[in-house]
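Subject: Handover of a structure

Dear colleague,

Please find below the structure that I am handing over to you. My notes on what was found in it follow directly after.

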Amino acid sequence: MPLGSIAIVEDQALVAEALKMTLEHWGYEVVGIALSGAEAIELIDTTRPNLVLMDIMLQGDMDGVEAATVIGERFGVPAVYLTANSDPDTVERIRSTHSYGYLLKPYKDRELQVAVETAVYRHRNEVRRQVLYRLRDTVWQMQKIEDIEKFLRALGQSMVELNIPFQASSLNLLSPIPNPTRIHFYHIHRDDHYEDHDSRDLSHVMKQIWSTGEIAYRRDLEAEDIHDEHAQLPRGDRVRCVLDIPFSHGTLAVNSYEVNAFSDEHIDALGEMAAVLSEAFARLDYIRMLEERTRALERESHERREAERSVRVNLGLQRVRNEMLSMRDEEDWQRVAAAFHSELHQLVHFDGCGFNIVDLAADTYKGYDVTAAGLENEQDYLGVDSPLRQAMESGEFIYRRNRTAIEDAHLRPMTDEVQSVLDMPFSRGTVAINSQRENAFDAREISILEQFAQVFDEVYHRLEDLQALKITEQQLYQAKKMESIGELSAGLAHNFNNMLAANMGNIELAMINAPQQVITYMQVALEASREAADLVRELMLFSRAQNVQKKGVDLGAIARETVEFCRATFDRKIELHVRVQAALPKIQGHNGQLKQLILNLCINARDAVMEIADRTPQLEIGVEAVDQEKMHSNREAHPPGTYVRLAVSDNGVGMDEATQQRIFEPFFTTKEVGEGTGLGLASVYGIAHQHDGWVEVQSQPGRGTLFQVYLPVAASATENEEREQVEPIPRGDEVILVVDDDERVRSFLRLGLAKFGYTALLAADGEEGLERYERERETIDLVLLDLSMPRLSGQEVLQRMLAIDPQARIVLFSGYAAERTDPSGARAFIQKPLQLGSMLRVLRDVLDN
């Protein structure tokens, strides 16, 4: 047997032949000679030797270093270089390749022999280590005994890679306590296939070898066959030697047609493979033990589950009852239904679930699908299906176990997937479950459904109670919703007031010294800001009841503006007509509230005319001044004088007397649920009375409706506005501390106060304002304090300043309404947005008094 296989790559043929003779003399096999790099690569690809002896100077374009690099990367075969060149560059190139060293020509035979022996030995060890690593990796991936197929193929491939000259191999498995008559064989062939079987043949031989723990190498069965193995081989089998290596669970056996085919190196490699086999089967024993423990735990768990099943049923029923008891309104019905589905589905395996609420007297029922999300697909049915009627009348469950029974019993077809249906009755209907399997529900599951149906009966009775209670709670719900919207409106109004304060203040400052033509533009901007401030005040009015700031307004102009809005938003088929008296006197009122009053009346009229189909829908809005003597009714109940009458009429459906008696009640509405709040006419009534007026209504069913709103004329309204515009702005020389977190407001106040002689000290939040007041209060004459600030609120700053000096002059200002504040201890309150003149008059009044 050769010591190893070597390829020679040398550009001089005579040198190569001499080298070949030397190597063969030493006992090596020379697989071939190549004169160029390309020939060398082709030679290695076909022969796969243990080593390449490589000259650096070769024929062709590729030198020896390049060829060795390709060979090492592609085939993993190392090289020993034979070269006459030892310059540093060449040495460095050699080191970068898969090289086991180099010899400088001329070299001595002993040097070459040592280099070749070392390289071949080293390469074989590396190959063996890699092969054993892959084999161990394969066996440690085994999770069960069935994975033996993958391992056997890896085992055969490993022996081929290590050049073990076997004809066939086998893995002979014995149990830890060997069966006296049988053994399991896995036969592995060189052509990468295997076969396994149980056999009594040679089992005694395997057990004897395994029991000794020693390697059994029968080098020549024809010369010495102590176990009579040759006679057990198939006729014509030419096996001459057999090697058995024991491991923990049996033996690893190889055979050959050659006598004494296996060297000590082969035996060592096979011994290492046997050690890996022991590790692998020890792991499989451990896995087998874990599987047995798992099965024991599963049995115990199953018994425990059976013992706990009744407890789980009771817990499920109790959870549904708990959900039922936590129901507060009709919407919770969805949550209880979802809980019912979830708890039942954990105990009974079904594909669909539903509730049927049955009215036998009316021959109708309402069906619901019940899912993990709650109730879905509500359907009303006329005609009660026979299984439902039978279940309700008998009080017994109805079970259709297959498709034929379903089709025979149902009036309405079911989906093809449903193969069995079970209806369990309760006082108001049935709980139904279905399955895509025939005979899906056993006696235990039927019993569980019966218990759940009893609980559902309790649930449905509570639902009926809640539905009755909900009717009385709807008005309270509406009120709380409006209160929440009001809080949001108040917050928006506060933020807008801060921005408007800066805008209006700076415009007023700029107007003081601006040319007349610029003032004209500024007045337009200031008026727009005031209109925006009016809108903000409307938000604040909506957020809470409070005294409105009234001024002289033209109700006719408000009516025209509102009607234009209606024209843009109402259905185009509605005809709108407006009549406004010329030279209409002004009333003392709030612009935003009066717009809301007119808009609510128009919307009410629109809804009335949209219900008619036999005539063109029409709305008429009229505004005129009337004396008390010309009023149609109720003259004696109101003070004498001149009134502005707003009339809104329609040709809609009209109202009967009973409806007219209730139309101004909060939350009363004739619309469907969700289509109206019932506050529209109630707000009309409230706004009219807040303006010292009243509302009258005339209507007949099918003849339309007329609303008349009477509002008193205020002769002093125009005079008050003019007097406020011409009143001079006072000056001063005092020191005023301004505390506000809005930079724009602080900047406007600093400039405005300075413009009229005051000195302004500024603080950006409550803490800074308090610190500055404590430090400079001897020089501060007045504090202008915002209420809404970070770090320290205005209310807290007010109390701390008064604790320092109870006589401190403090004026509060805020984007919120005064009703939201506690001004205790403050000298005055100013509503944002600030108007410079009004603010300075308040400050002057506080300073002087």
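Strands β12 and β13 form a hairpin in which 4 residues lie between the two strands. Please bear in mind that the model is predicted. The two strands, β12 (residues 352–359) and β13 (residues 364–371), run antiparallel and are joined by 6 bridges. Within this pairing, V358 has Y365 of β13 as its bridge partner.

The next point concerns two helices. Helix α8 (residues 264–325) packs against helix α9 (residues 332–345) at an angle of about 175 degrees, and their axes are 9 Å apart. An angle over 145 degrees counts as roughly antiparallel, and α8 and α9 are therefore roughly antiparallel to each other. On the side of α8, the contact is made by G316, R319, V320, E323 and M324; α9 contributes R335, V336, A339, F340 and E343. Sorted by class, this contact between α8 and α9 has 5 nonpolar, 1 polar and 4 charged residues.

There is also an open sheet of 5 strands with mixed pairing, in the order β19-β21-β22-β24-β23. Its edges are β19 (575–580) and β23 (694–700); each has a single partner strand, so one side of each is left without a neighbour in the sheet. On average, neighbouring strands of this sheet are turned by 15 degrees against each other, direction ignored. Inside the sheet, β21 (residues 618–627) and β22 (residues 642–650) form an antiparallel pair with 9 bridges, where G622 stands opposite A647 of β22. Helix α17 (residues 680–690) packs on the sheet and touches β23 and β24, its direction making about 140 degrees with that of β23. Helix α14 (residues 555–569) lies across β19, β21, β22 and β24 (704–712), and runs at about 170 degrees to β19.

Finally, how many disulfides does the model contain? The count is 0. A disulfide is a covalent bond between the sulfur atoms of two cysteines. For C566, the closest cysteine sulfur is that of C602, at 4.2 Å, which is too far for a bond. C566 is buried, with a relative accessible area of 0%, and C353 also counts as buried, at 8% relative accessibility.

Yours sincerely

Definitions and conventions: Residues numbered from 1 in each chain as written. Predicted model: local features only at pLDDT ≥ 70, side-chain atom pairs only at ≥ 80, totals over all residues. Heavy atoms only, no water. Pairing = 2+ DSSP bridges. Axes fitted to C-alpha atoms, helices over the stretch in contact; angles between N-to-C directions. Contact = heavy atoms within 4.5 Å. Parallel < 35°, antiparallel > 145°, perpendicular 65-115°, else oblique. Nonpolar A, V, L, I, M, F, W, Y, C, P; charged D, E, K, R; others polar. Disulfide = S-S within 2.5 Å. Buried < 20%, exposed > 50% of the residue type's maximum accessible area, 1.4 Å probe, protein only.
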